[in-house]
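User: I would like to learn how to read features from a structure. Please take me through some, one at a time.

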Amino acid sequence: QVQLVESGGGLMQPGGSLRLSCAASGTIRSIGTMTWYRQDPGNQRELVASIGSGGNTNYADSVKGRFTISRDNAKNTVNLQMDSLKPEDTALYYCNAGVVTIAGVWRVYWGQGTQVTVSS
């Protein structure tokens, strides 16, 4: 069994910063791409940023230059540093990872989400 647990969400004023973390645990052999998604009510889930096992990154145009994704392969964690936050960044943020388990099975796992609210 594999679990992803996000943390670090909260309420922040426009222009402020938040740092989200996601920790993977369980019967993990290896982790491939790790991704942050977000979703607010009435909208589809949106890819925010992803990072491959080798460190290659990809960002949504809406967050380029403001958000930075990073990972610690030794700790099975992925972080999202969010700077210059805007009200439109308000959403439930989810962590997602492609995991190969100790049994040799590959599948995608999701966390439960952490709420980010940007408001004055």
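User: Let us start with Cys95. Is Cys95 buried or exposed?

Analyst: This is a predicted model, so read every value as computed from it. Cys95 has a relative accessibility of 0%, so Cys95 is buried. Cys22 is buried too, because its relative accessible area is 1%.

User: What do Cys22 and Cys95 form?

Analyst: The general idea comes first. A disulfide is a covalent bond between the sulfur atoms of two cysteines. Here Cys22 and Cys95 form one, with their sulfur atoms 2.1 Å apart. The count for the structure is one disulfide.

User: Which handedness does the disulfide of Cys22 and Cys95 have, and why?

Analyst: Look at the torsion about the S-S bond. For Cys22 and Cys95 this torsion is about -80°, so the disulfide is left-handed. Cys22 belongs to strand 3 and Cys95 to strand 9, so the bond ties together parts 73 residues apart in sequence.

User: How should I read a nonpolar core? Which residues touch the most other members of the largest one?

Analyst: In soluble globular proteins, nonpolar side chains tend to be buried together. In this model, the largest nonpolar core has 30 residues, and Trp36, Leu80, Met82 and Tyr93 touch the most other members. Strand 9 gives the most, with five residues.

User: What does Tyr93 touch, beyond residues up to four places away in sequence?

Analyst: The list for Tyr93 includes Trp36, Leu80 and Met82. Tyr93 also touches Glu6, Arg38 and Gly113, among others.

User: Take Arg38 next. Is Arg38 buried or exposed?

Analyst: Arg38 sits in strand 4. Its relative accessibility is 7%, so Arg38 counts as buried. Its side chain makes a polar contact of 3.4 Å with the side chain of Ser62. With neighbours within four places in sequence set aside, the contacts of Arg38 include Glu46, Glu88, Asp89 and Tyr93.

User: How do I read aromatic pairs? How many does a search of the whole structure find?

Analyst: A pair of aromatic rings is described by the distance of the centres and the angle of the planes. The search finds two pairs here. Tyr37 and Trp110 form a tilted pair, at 5.0 Å centre to centre and 45° between the planes. Tyr37 is in strand 4 and Trp110 in strand 10 (residues 106–110), 73 residues apart.

User: What is the geometry of the rings of Tyr94 and Trp110?

Analyst: Their centres are 6.3 Å apart and their planes are at 80°, so this pair is edge-to-face. Tyr94 lies in strand 9 and Trp110 in strand 10, 16 residues apart. Tyr37, Tyr94 and Trp110 form one aromatic cluster.

User: How do I read the faces of a strand? Which residues of strand 1 are on the covered face, and which on the uncovered one?

Analyst: In a regular strand the side chains alternate between the two faces of the sheet. In strand 1 (residues 2–7), Val2, Leu4 and Glu6 make up the covered face. Gln3, Val5 and Ser7 are on the uncovered face.

User: In which sense do strand 1 and strand 3 pair?

Analyst: They pair in the antiparallel sense, over six bridges. Strand 3 spans residues 18–26. Within it, Ser21 stands opposite Ser7.

Definitions and conventions. Residues numbered from 1 in each chain as written. Predicted model: local features only at pLDDT ≥ 70, side-chain atom pairs only at ≥ 80, totals over all residues. Heavy atoms only, no water. Buried < 20%, exposed > 50% of the residue type's maximum accessible area, 1.4 Å probe, protein only. Helix = DSSP H or I, 4+ residues; strand = E, 2+ residues; numbered from the N terminus. Pairing = 2+ DSSP bridges. Core = buried A, V, L, I, M, F, W, Y, C linked by side-chain atoms within 4.5 Å. Contact = heavy atoms within 4.5 Å. Polar contact = N/O pair within 3.5 Å; in protein donor to acceptor, adjacent residues only side chain to side chain. Disulfide = S-S within 2.5 Å. Phe/Tyr/Trp six-rings, centres within 6.5 Å; stacked < 30°, edge-to-face > 60°.
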